[in-house]
Amino acid sequence: MTTIAAPMASRPRRAPLSPPLVYGAAAIAFLLVLWFAATAIPGVVSNKVLPSPFDVVERFATLAADTFSGSTLFGHAAASLTRWLIGVTVAVGLGVPLGVLLAWLPPLRPAVTPVFELFRYIPPFAWVPIAVLWYGASTTTQAMIVFIAAFPACVINTQLGVAQVDSILLRAAKTLGAGAATTLSRVVLPVAAPAIFTGIRIAFSNGWMALVGAELVVGKQGLGFLISQGQINDSVSTILVGMITIGALGALIDVVLQRVQRLLLPWKSATTRPVA
């Protein structure tokens, strides 16, 4: 009598790591190895010029636990994130609607565009002295610099996204009886949404970099202020901790925004996903 073996349950296959993740991790590991080698070999780089990775990690732990220049590392990071969030929220809240209006209502362009073009070419840091005179070395001053840096990208990308909507879609909506408001909300904005998100992504990045620069000049708390205090105290490890934290938070902000875009615009992710 023959017996038939029961089929073995197939084990779930693990998803392979994506090449960008692997390459990125390898690049970071390579830089760390170079950094360690440069500081470990005597006579290559002085510790006063470039501390070793271990010194920076030790300094990171100290700043995270102990107060430095009025706050811990997490307190400085929280202060920077708060100012940045205020600035970019106002920039997105005003910039996206203005971009839609400039594209949707052409008669507005002659009145608004010259003023906008004039002000967007003024560097954000040029506004620091007047902002200090208006508001002092306050959160409002630094949030204002973030707004000035982030606002143009929101306006320009939104205007381009709305203006480049295919006219065939607009005529089709009109043929089906859609009014201007319905066409704008149901046709134009969904089509222009990827360009709008690109503008927001650029605005977030510009605002974050401008904030750190403003904190270097007028900050009393924040990651930029932490870096400036590291310079005053002749502590390169403190400066590097601040720089690495700034870069890590900026990358995290960008990753979160991309995840939000995938959730809100699933059709965009589906069209850009490579075919297996």
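**Entry 1: loop residues with positive phi**

I began with serine 69 and found it partly exposed at a relative accessible area of 28%. I applied these cut-offs: buried is under 20% relative accessible area, exposed is over 50%, and partly exposed lies in between, with a 1.4 Å probe and protein chains only. I note that the model is predicted, that local features need pLDDT of at least 70 and side-chain atom pairs pLDDT 80 or more, and that totals for chains, interfaces and linings use all residues. Residues are numbered from 1 along each chain as its sequence is written, and side-chain values use heavy atoms, with hydrogens and water left out.

I located serine 69 in the loop between α2 (53-65) and α3. Helices here are DSSP runs (H or I, at least four residues), numbered from the N terminus, as are strands (E, at least two). The phi of serine 69 is near 55°, a positive value in a residue other than glycine.

I then looked up aspartate 234, which lies in the loop between α9 (223-232) and α10. Its phi is also positive, about 55°, although aspartate 234 is not a glycine. At 67% relative accessibility, I recorded aspartate 234 as exposed.

**Entry 2: α3 against α10**

I examined the packing of helix α3 (residues 73-104) on helix α10 (residues 236-264) and read an angle of about 45°, with the axes 12 Å apart. The axes are lines fitted to C-alpha atoms, for helices over the stretch in contact, and angles run from 0 to 180 degrees between N-to-C directions. I therefore classed α3 and α10 as oblique to each other; under 35 degrees counts as roughly parallel, over 145 as roughly antiparallel, 65 to 115 as roughly perpendicular, and the rest as oblique.

I listed the contact residues (heavy atoms within 4.5 Å): Leu73, Ala77, Leu81 and Trp84 come from α3, and Val241, Thr245, Leu249 and Ile253 from α10. Nonpolar covers Ala, Val, Leu, Ile, Met, Phe, Trp, Tyr, Cys and Pro; charged covers Asp, Glu, Lys and Arg; the others, Gly among them, are polar.

I read an angle of about 145° for α3 and α8, with their axes 8 Å apart. α3 passes α8 in a right-handed crossing. Their contact has 17 nonpolar, 3 polar and 2 charged residues.

I found 7 aromatic pairs in the structure. The rings of tryptophan 84 and phenylalanine 204 have centres 5.1 Å apart and planes at 80°, so I recorded the pair as edge-to-face. Rings of Phe, Tyr and Trp (its six-membered ring) pair if their centres lie within 6.5 Å; planes under 30 degrees apart are stacked, over 60 edge-to-face, and the rest tilted. Tryptophan 84 sits in helix α3 and phenylalanine 204 in helix α8 (residues 180-218), 120 residues apart.

Tryptophan 84 also pairs edge-to-face with tryptophan 208, at 6.2 Å centre to centre and 90° between the planes. Tryptophan 208 lies in helix α8, so this pair ties together parts 124 residues apart in sequence. I found tryptophan 84 and phenylalanine 204 buried, and tryptophan 208 is buried as well. Ring pairs link Trp84, Phe204 and Trp208 into a cluster.

Terms used. A crossing is left-handed if the near helix is turned anticlockwise from the far one by less than a right angle, and right-handed if clockwise.
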